[in-house]
Amino acid sequence: MNKNRLAAYGLHDCFAQEATLFEGLYLARVIEQHRDFYQVITERGEILAEVSGRFMYNAMNTADFPAVGDWVMIDRLDDHSGNAIIHQVLHRQSAFERKAAGTSLAVQIVAANIDVVFICMSLNDDFNLRRLERYLAIAFNSMATPVIVLTKADLCVDLDRKLQIIADVSAGTDVVVCSIMTENGYQDILAYITKGKTVAFIGSSGVGKSTLINRLLGRELLATREVRDDDRGRHTTTSRQLLMLPDGGLVIDTPGMRELQIESGDLSQAFDEITELAQKCRFKDCSHSTEPGCAVQKAIETGLLRQDRLNSYQKLQRELDYDGLNFRQLEQEKIKKMFGSKGEMKQAMRRVKNKKER
């Protein structure tokens, strides 16, 4: 095994040791993901690969399939006689995951085995604290270290105010400010991307992720679109890919996310001040609404906590409560929260009907 090549792509001892369990297979890392195939890096170089029929049959959901950053076991080191076949995905050390876009309950792995996740948000139209809270909750749960990257600082006229309100929700996360027009912030980002470390850039479409990565690469590798007069620049990345920087760090670029449905998240870290306050509530199962002795509500009354911050926390908590339920279970859970039971819901509907008939 050419450990030098794979080490350059972030090979850790835990993956090398696990790989020894699969006799006759070879270790590789997924560096690009498309609909039906993958680009992987092996000890000999890059080749195309696809999952085996058995792998596809045994997969329980989309999260079981390989994602960019995964270490996998394949059956060959070249593709002269066809694409390599992926037989196994090694255990992930970290993963940024979300619910697939739309109405599907499927889980989507955005990036795997990452050390740092850069949450990118522009300081103009994309600026949204509630969305940032979602990203942070997922990032803390991913087991990677989150860093907030604020782009397009040259278009912001109230930077100090925005930095202050971000500090109120960032849960101690590092914040880097960048401008696409200058070198400001790029050197700060490089400090997190050391040799052999893998980072991922996550964020909405048009926040400047590709432009930022091109700066880090020192060349225009990723396609970008010029920001128009209304400043709604679009991200042209359509597939996920892992790229090596000149200094040896590894960067995963991802398509912009128009929506971010939370599949699993660490609210205790993302909302650390609410978690701390909740420990002082009179009741352990306090919902922080009307219960007596609620320390969270008291904090709102005294101005120590904003109501919109609590609303966001409770909204994400409700989404996580529904996690993993099928459509019928989701409907039953909603009915339970609204009426207590399906029978009580029917009684409420009858009362409304009788009232209308009168």
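Predicted model: local features only at pLDDT ≥ 70, side-chain atom pairs only at ≥ 80, totals over all residues.
**View 1. The whole protein.** Welcome to a chain with 13 helices and 13 strands; helices (H or I, at least four residues) and strands (E, at least two) are DSSP runs, numbered from the N terminus. Of its 358 residues, 48% count as buried, where buried means under 20% relative accessible area, exposed over 50%, and partly exposed in between (1.4 Å probe, protein chains only). The accessible surface is about 19200 Å², with 47% of it belonging to carbon and sulfur atoms; areas come from the Shrake-Rupley method with a 1.4 Å probe, and for residues only the protein chains shown count as cover. Among contacts (heavy atoms within 4.5 Å) with a separation of 6 or more, 66% join residues 24 or more positions apart.

View 2. The largest nonpolar core has 62 residues, and Phe 96 and Leu 132 have the most contacts inside it. Helix 4 gives the largest share of this core, eight residues. A second, separate core has 20 residues, including Val 147, Ile 193, Val 207 and Leu 245. A nonpolar core here is a set of buried Ala, Val, Leu, Ile, Met, Phe, Trp, Tyr and Cys residues joined through side-chain atoms within 4.5 Å.

View 3. Ala 137 is buried, with a relative accessible area of 0%. Ala 137 and Ala 270 are 133 residues apart in sequence, yet their C-alpha atoms are 5.0 Å apart in space.

**View 4. The cavity.** The structure holds one cavity of 30 Å³ or more. A cavity is a set of points on a 1 Å grid over the protein atoms alone where a 1.4 Å probe fits but cannot get out, and its lining residues have an atom within 4 Å of a point. Grid points are joined across faces, edges and corners, and the volume is the space filled by probe spheres set on the points. Ile 119, Cys 120, Met 121, Asp 126, Arg 131, Leu 132 and Tyr 135 line the largest cavity. Strand 8 (116-122) and helix 4 (129-141) are the elements that give two or more residues to this lining.

**View 5. Helix 7 and its cover.** Helix 7 (residues 209-217) is largely enclosed by the rest of the structure, because seven of its nine residues are buried. Among them are Leu 212, Ile 213, Leu 216 and Leu 217. Their cover includes strand 8, strand 9 (145-151), helix 6 (186-190) and strand 11 (198-203). Just after helix 7, Gly 218 takes a positive phi of about 80 degrees.

**View 6. Two loop residues with positive phi.** Most residues other than glycine have a negative phi. Met 143, in the loop between helix 4 and strand 9, has a positive phi near 80 degrees. Lys 152, in the loop between strand 9 and helix 5 (159-167), has a positive phi of about 60 degrees.

Note on methods:
Residues numbered from 1 in each chain as written. Heavy atoms only, no water. 1 Å grid on protein atoms, 1.4 Å probe; cavity = no way out; pocket = protein on both sides within 12 Å on 5 of 7 lines; lining within 4 Å.
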